Structures are given as structure tokens and as C-alpha cells.
Amino acid sequence: MDSMQQRQAQLETLLKNQLKVEMKVHLISSAESMEGIEDVKEHLIQLVKDGKMFPNIHRWLPSSWAKMEKRLLLERQPYKYMLTWDECLKLAKSCDLNPDDVQPVLSYLHQLGNILHFHDNNQLKQYVFPDPLLVIDILKEIFHHDHSKVLKMSDPSIKARFTRVRLQKMQKDFLQQGLIPQELLETLMRKHFKSAENMNILIELMERLGLCYEVSRATEGSVKIKPVYRFPWYLQDHKPNDLKAWEKHTLGETEQITIGLEMHKFCPTGVFERLCTRLQSHLNSSYRQDWIDGVCSYCWDGNALLLIKKEVKDDYINITATGKAEMTKLDSAWNGITSILDELKTILKEWPGIVYDEYIICAHCIKQNEDSPELFTGDYLYTNCPQGLESVPCPSGIGSVHPSLVYPPSRRETKDCSPEANEAHQGHNVTLDKSTGSFVLVTGDNADIKIQDLKLSNPREEVNDRLNDSLW
């Protein structure tokens, strides 16, 4: 019933947000004459006056909101990229706005695209970017259609800071792996941001926009090394022929779960790259390998190996997440791949009319090395596992799989349906509280449950050490 209701809600959303295809075709030119551009502008102006398509256009707003909008427009000046929260409060006071009304106004202007303000980010919520186009111009220092022009050997500021050997190494890392160290970012952006604090805000903004993620923050002795950032948009390396970690986990010793999302003909530009930047919070930092259309890493607790990849074939775009783990640790694999699928669906919400389907690849077919494995529908991800179910038939009608390979943990009565896991869970269970860095030990039966915190100095570091030992 849950899956049917969710499917109904999805269809109602698609019906409500149907794609509107404009039938009129405009011929334009990017030549010096810019022929046809004015006609397109005029047509767009007429479109936005349509109250059905853009209901906010005819929305009545307090006069103080309009004053605040005009004051922020006046703040658009060259080299004035952002305002602090205190500066915004002063502007609001001059517009007769109460402090409690500032956030709603900024959220509204952000939705219109007039400003940038991210109230859901602890660092960025203290700043307002009054001119989004100016921010885009800054980002053009890094994002360029000609990759080789991003790092120019002839740039005086670069030549003054880095040796030729060091710069050649950075160029290679950037052009093949999309890696840029923070010190190079600082050099590229120096003419825009003079202070280290402002530079950190820019990096936080790029991470929030899904443009990059931090690869490492290592130390050598007592010297702290500045972090390196990966920009997935610039990845050129293809899937390695030998994925050491992935091949080490053979199917004879582990189980494999693969869930996926398929789109037909259209996939918004940059969706997979943005997904890659959002994976870091779900993965273990001790090992991660990226290439142009894939990522391989361990999940956070180190109990499952994950493979995320994008494939395009016959107008169909598939993004899949696969987890390998021992039978008693399948929950870790499930938690890893479902959280990744949730991140992907969150990104796709920006395109309400896009149509996609979720699915689960049959684990039985995978073990049989089938070239075209059967698929379970995505409904299984949201359907409760029937009580007492011992196996799920393969969609082909030949063979079956264990319920824990089809139903996520949240849809099963126990954390793991396998007999070994059930026996292991009877005595005690250990979970990790990421917010406190503590392992929580739950002991006793249902009538008398005791919880004891097992404080570790650095649980993430201990997990990393264990992973490094097993990997290398």
C-alpha cells in the first residue's frame, strides 16, 4: 500500500508539473549582429506575464519588501561580491523591515534569482550575494570550456608562486583528475578575494553549489597541509582496468546489491557530477577512486564497498549504486546505496517534470553472470517485506534470492533477515552516533534495555586504519 501511495503521489506531481514546450521557434545568431536576440527577449517578457505559468509575478508584497529589493540592487558594484548579515540588517532597518522579516525577504529574492542566500548552510547563511551574475563571472576563472586555459603557465601570479615542476604536476592532476589544491585556488582568485576568510566563503559556496568537494586535509608532522579539491566536471580519466578494492571483494565471499535510476533520452547536464560532490558525507575518506563516469569507495562504517556509475546506452541514461558486503553486513550496503539514491532524487527535484524509474538488479542473475540480468521494480524499496518470507523468486522465474537482497532494512522486521545475523543480534548490538563520535552499545532483552556509551578518541580514524590494513 505504501508503494502504491508513493507512486500515486509521484504521478500527481508529474501531472501538476507538466513540461510546457514552447511551440514558437526563434532563429538567433551569436555573431556581432546578435540577430534575433531582441525578439527572444520580448517573447520571454510576454511569457513571464502569464499568471498561470508564473503565479509569483502577480503576487502582492509589502512595500518594505520592494524597498529591500531595490536597496540590494544598489549594492551591486564591481568587486562587491557579498554582504555580511549585519550589513543586511542595516539595510533592512532603512527599509522599515523588522529583523524577523529579513530571512523571508531574502528567501523570496533568492527564489526569484535576484540574489544568492543559503539559509540552510551554517557558514553561508551569514552572507548575501547581491549579484549572482558577478559570482558566475568569478567562477569563470575556474570553469572554462577550454580546460588548458584554466591554468596558464604565462600567468604572472602563478609563475611567481609555483615552480615549473610543481605547476606541471598541478596541470596534469587538474586535466586528468580534476584536482586543484587550495593554494592554487587562492592564486587564481586573488584579484577577487584579498582575505583568507573571503576565500573560504567562496570555496564553501562552490561546495554548496555542487561544483567541487574536499579530497583531503592531511598533515605532515606538525605542519598542516592545505586541502585539495576535486572538480568532477574536469575528470578525464576512464574506469581503471584494475579496481584493486572492488576486485578483492569477490562474489563468492560477499553479496552484491545494485539499485538504479533510469531516464529516457534526457538527463539534466551535470547531474552525475553534482551527485559525485555530494557523496563525500556518505563515504569513508580512507579510500575513494573517481573517474569520468564512476566512483568506488567504502561506505562510512567500512563494512561495505560501493560502486556508483553512470551509463548511457540507446537513449537510456542509468545511474546505479552497488554495494558489496558479507551477508551479516548487508545493512551497511543498503544504507550506503539508498542514501546515494536519495541524494540523486533530491538533485532531480530541481527538474519537477523529469520522468525516471527506480529498479533493483536481481542478485541471483548477478551471481550467474547473466549478460542481461532481470530487474525488480523500485516498488520493493518502499514495500514492507511479508512476515516469514524466506525467498523472493527471480523475475525470470528461475532461481530466487534472499529477502535481504531485495528489501531494504527499513522494510524488514529485523536489521538482517539472515539466520546468522539474527543470532548475532540477540545478545547485543552496536551502532555509531556520528554527531558525538561515540559507539552506542545496546544490551539486554526487550524488557530491560541498557545503553552504554563507548567513547573512542577518534572512531573515524580507527575505522580508516582498519580499512587501510585490509585494502593494502
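# Exercises on a predicted protein model

In this predicted model, the axes of helix α12 (residues 271-278) and helix α13 (residues 330-348) come within 10 Å and cross at roughly 130°. The exercises begin with this pair.

## Exercise 1

**Solution.** 

Step 1. The crossing angle of α12 and α13 is roughly 130°.

## Exercise 2

State at what angle helix α3 (residues 63-74) and helix α5 (residues 99-112) pack, and classify the residues of their contact.

**Solution.** 

Step 1. Helices α3 and α5 pack at about 65°, and their axes are 11 Å apart.

Step 2. The crossing of α3 and α5 is right-handed.

Step 3. From α3, the residues W65, M68, E69 and L72 take part in the contact, while α5 supplies P104, V105, L106, Y108 and L109.

Step 4. Of these contact residues of α3 and α5, eight are nonpolar, none is polar and one is charged.

## Exercise 3

Identify the strands that pair with β10 (residues 294-299), and decide whether β10 is mostly covered or uncovered.

**Solution.** 

Step 1. Strand β9 (residues 283-291) pairs with β10 in the antiparallel sense, over five bridges. Within this pairing, W291 has G294 in β10 as its bridge partner.

Step 2. Two residues lie between β9 and β10, and the two strands form a hairpin.

Step 3. Strand β11 (residues 305-313) also runs antiparallel to β10, to which five bridges join it. Here Y298 stands opposite L305 in β11.

Step 4. A hairpin is formed by β10 and β11 as well, with five residues between them; in its turn, G302 has a positive phi of about 80°.

Step 5. Six of the six residues of β10 are buried, and the strand is mostly covered.

## Exercise 4

Locate the residues D96 and D314, give their phi values, and decide whether each is buried or exposed.

**Solution.** 

Step 1. Most residues other than glycine have a negative phi.

Step 2. D96 is not a glycine, yet its phi is positive, at about 65°. D96 is located in the loop between α4 (85-94) and α5.

Step 3. The cut-off for an exposed residue is over 50% relative accessible area. D96 has 59% relative accessibility and therefore counts as exposed.

Step 4. D314, also not a glycine, has a positive phi of about 50°. D314 belongs to the loop between β11 and β12 (316-325).

Step 5. The relative accessibility of D314 is 61%, so D314 counts as exposed.

## Exercise 5

State how many helices and strands the protein has, what percentage of its residues count as buried, and what share of the contacts with a separation of 6 or more comes from residues 24 or more positions apart.

**Solution.** 

Step 1. The secondary structure comprises 16 helices and 19 strands.

Step 2. The protein has 472 residues, of which 39% count as buried.

Step 3. Among contacts with a separation of 6 or more, 58% are between residues 24 or more positions apart.

How values were computed. Residues are numbered from 1 along each chain as its sequence is written. This is a predicted model: local features need pLDDT of at least 70, side-chain atom pairs count only at pLDDT 80 or more; totals for chains, interfaces and linings use all residues. Side-chain values use heavy atoms; hydrogens and water are left out. Axes are lines fitted to C-alpha atoms, for helices over the stretch in contact, and angles run from 0 to 180 degrees between N-to-C directions. Helices (H or I, at least four residues) and strands (E, at least two) are DSSP runs, numbered from the N terminus. Buried means under 20% relative accessible area, exposed over 50%, partly exposed in between (1.4 Å probe, protein chains only). Two strands pair if DSSP finds at least two bridges between them. A crossing is left-handed if the near helix is turned anticlockwise from the far one by less than a right angle, and right-handed if clockwise. Contact means heavy atoms within 4.5 Å. Ala, Val, Leu, Ile, Met, Phe, Trp, Tyr, Cys and Pro count as nonpolar, Asp, Glu, Lys and Arg as charged, and the others, Gly among them, as polar.
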